[in-house]
Amino acid sequence: MKKLCCKVLIFALSVLICLSSVVYAFSDVDMNSVDGKAILAMQERGYLQGFQDGTFRPEATLTRAEFVTVINRMYGYYVQTENIFWDVQESDWFYEEVMAAVQAGYIKGMGDGRFAPNETVSREQVCVMLNSILKLEQVPELPKPQIADSVSDWARTSVETLVSYFIFELENDGRFRATEPITRAEACVALEKCMLSIAPEIEVPEIDLDSIAEEEIRKRLQEIIKCMNETIIPNLTFEETVKVANMLVESMESYLADPEFDYVTAAKETYEVYRKFNEVRAREFKGQIFEHLDVDELVVLFDFFNTPELSEIL
């Protein structure tokens, strides 16, 4: 089994690099608080970043376009569909994100042909979006929360469900503040709970690890190398992203040529280059990886072959 683990680590390395992110402390966040720990978790994974002045602005709000961008990063939604909103144009920075959200099925718009991308996203809207992804249901063992203030009819079930599952909490007086804009800190706290305790309903087939032949592993590595060389690298626009992609290819090629190749050292060297990316470069690289590689398979294999050696790179 250990031999097979080694043969798959470089195969999974591209996912490791894509999901890694550089971590900074924020001048306006207590990183030891509940909010701070959630903000750190979101930052570590590259889902929600701070500002160039070193602040996170935890009490600031998010627009609807910004929030779906965060969700897409979390759940790997990149496949797009046709535009159904008259207030979203191809020239908008959020166009691809909104189209991916529509395709994923967790947004439907405002009911009048608008998505309202620049409006602040409310706490109850966030509940509806998240429950559309998580598909949680009220169960008898979870008491129905007694919400003291107003919640829109179309959002009530989602709000009550997410409160029951402790993804959101009521205030001491029972208020939820459903129609108020969610803050960046509140979003981080809720989304971290989604990451830690609940995953979207994805059926992952059982894998008999012993049945994965060496020839199949080599075939998968060769397919990734081919995709990187023919599709991903030609689509990269920054010298730094091309360099990281080439380093990954060289690592995989070296391992195919020599099973004793020191993949851990190579992975660390690649990560040291990647960690200097700004968000634009990191997002370009992640986008190409997720769009063109069979990421579901990569993630499954990474989960199965997470070893202490590989954890050193995280």
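How are helix 3 and helix 5 oriented to each other, roughly parallel or roughly perpendicular? The legends below begin with that pair. The model is predicted, so local features need pLDDT of at least 70, side-chain atom pairs count only at pLDDT 80 or more, and totals for chains, interfaces and linings use all residues. Residues are numbered from 1 along each chain as its sequence is written, and side-chain values use heavy atoms, with hydrogens and water left out.

**View 1. Helix 3 and helix 5.** Helices are DSSP runs of H or I with at least four residues, numbered from the N terminus. The axes of helix 3 and helix 5 (residues 123-134) come within 12 Å and cross at roughly 25°. Axes are lines fitted to C-alpha atoms, for helices over the stretch in contact, and angles run from 0 to 180 degrees between N-to-C directions. The two helices are therefore roughly parallel to each other (angles under 35 degrees; over 145 is roughly antiparallel, 65 to 115 roughly perpendicular, the rest oblique). The crossing is right-handed, a term used if the near helix is turned clockwise from the far one by less than a right angle.

**View 2. Helix 3 and its end.** Helix 3 (residues 64-75) has twelve residues and should span 16 Å at 1.5 Å a residue; its end C-alpha atoms are 17 Å apart, which agrees. The expected span is 1.5 Å times one less than the number of residues. Eleven of the twelve residues are buried, among them Phe67, Ile71 and Met74 (buried is under 20% relative accessible area, exposed over 50%, partly exposed in between, with a 1.4 Å probe and protein chains only). Gly76, just after the helix, takes a positive phi of about 70°.

**View 3. Aromatic pairs.** The whole structure holds six aromatic pairs (rings of Phe, Tyr and Trp, the last by its six-membered ring, with centres within 6.5 Å; planes under 30 degrees apart are stacked, over 60 edge-to-face, the rest tilted). One of them is the tilted pair of Phe26 and Phe56, 5.2 Å centre to centre with 45° between the planes. Phe26 lies in the loop between helix 1 (2-19) and helix 2 (34-44), and Phe56 in the loop between helix 2 and helix 3, so the pair ties together parts 30 residues apart in sequence. Phe168 and Phe176 pair edge-to-face, at 5.6 Å and 70°.

**View 4. Charges over rings.** Arg184 has its charged end over the ring of Phe56, 4.2 Å from the centre (CZ of Arg or NZ of Lys within 6 Å of the ring centre and within 35 degrees of the ring normal). Arg64 lies over the face of Phe115, 4.5 Å from the ring centre.
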